[in-house]
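Hi,

Here is the structure I promised to send over. Have a look at it first, and then read on for what turned up.

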Amino acid sequence: MSIHQLGRSSFGDPANAGKLMTIQEAHQLLEAWVPNERLRLHMKQVAAVMKAWAIEREGADEQTALKWELAGLLHDADWEKSPNDHCRIIIEELERHNIDPDVIHCIASHGPRYFGVEPVNSMDKMIYMFDELSGFIHAAALIRPTRYEGLDPKSILKKLKTLNFAAQVNRDDITDAQSRIDTPLEEIIQFVIDHQKDVA
Ligand SMILES: [Fe+2]
């Protein structure tokens, strides 16, 4: 598998600002494109955390919270069907459906090192932050007998320093993402735990 830089910095049409799909439509797209249940769960978890952050930390209204949720839910939608064109395929699909450019740019900026698109606004920065962290925390919860119950953010911080645990999670990306926002990592980890633990 290789990931290609997108080679563009502008996404969607500004005339489509405010045009979104419903969360049900996004779930249908996921069902159609992502047979892997584990990967679908990852996207649902990132969506739940994004939506919660928008509402609780950014004071977002319903429409804005839906943008955050849609970006989270669809950010890896093409991963399974087109690993060699990951990100480009879902971006083009959303452009074809005239979706709000904010949602598309957010998805495009979820891995700046891979896709070559820098996170600009808070929604972009948080998807980058939550993406790797969410998967890492879930991996850490799965190996505990009580799963999320009593999971301490400090133990996650410790595991991040244990490089052979969930080795595929790039620690540099987590450090880089955190350096772009004001919230301490431990607080973000607690937020992720609280908002993804019940996602099924
Ligand atoms: Fe992801």
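Let me start with a helix pair. His42, Gln45, Val46, Val49, Met50, Trp53 and Glu58 of α2 meet Ser122, Met126, Ile127, Phe130, Asp131, Ser134, Gly135 and His138 of α7. Sorted by class, the residues in this contact of α2 with α7 come to 7 nonpolar, 6 polar and 2 charged. Keep in mind that this is a predicted model.

As for the geometry, helix α2 (residues 37-58) and α7 have axes 9 Å apart and pack at an angle of about 135°. The two helices, α2 and α7, are therefore oblique to each other, and their crossing is right-handed.

Met50 is worth a click. Setting aside neighbours within four places in sequence, methionine 50 is in contact with Met126, Ile127 and Phe130, and also with Trp68, Glu69, Ala71 and Gly72. Met50 also belongs to the largest nonpolar core, which has 51 residues; the ones with the most contacts inside this core are Met50, Ala71, Ile107, Phe130, Leu133 and Val192. Helix α7 (residues 122-142) supplies the largest share of the core, 10 residues.

Now the other pair. Helix α3 (residues 62-74) and helix α5 (residues 101-108) have axes that come within 9 Å and cross at roughly 40°. That makes α3 oblique to α5, and the crossing of α3 and α5 is right-handed. On the α3 side the contact is made by Lys67, Leu70, Ala71 and Leu74, and on the α5 side by Asp102, Val103, Cys106 and Ile107. By class, the contact of α3 with α5 has 6 nonpolar and 2 charged residues, and no polar ones.

Is Val103 buried or exposed? Valine 103 is buried, because 29 other C-beta atoms lie within 10 Å. Beyond its neighbours within four places in sequence, valine 103 is in contact with Leu20, Lys67, Leu70, Ala71 and Leu94. Valine 103 and aspartate 124 are 21 residues apart in sequence, with 8.8 Å from C-alpha to C-alpha.

For contrast, go to arginine 144, in the loop between α7 and α8 (153-161). Arginine 144 has 12 other C-beta atoms within 10 Å, so this residue is exposed. From arginine 144 to glutamine 168 there are 24 residues in sequence and 19 Å in space, C-alpha to C-alpha.

Cheers

Conventions:
Residues numbered from 1 in each chain as written. Predicted model: local features only at pLDDT ≥ 70, side-chain atom pairs only at ≥ 80, totals over all residues. Core = buried A, V, L, I, M, F, W, Y, C linked by C-beta atoms within 7 Å. Buried ≥ 20, exposed ≤ 12 C-beta atoms within 10 Å, placed from the backbone. Helix = DSSP H or I, 4+ residues; strand = E, 2+ residues; numbered from the N terminus. Contact = placed C-beta atoms within 7 Å. Axes fitted to C-alpha atoms, helices over the stretch in contact; angles between N-to-C directions. Parallel < 35°, antiparallel > 145°, perpendicular 65-115°, else oblique. Left-handed = near helix turned anticlockwise from the far one by under 90°. Nonpolar A, V, L, I, M, F, W, Y, C, P; charged D, E, K, R; others polar.
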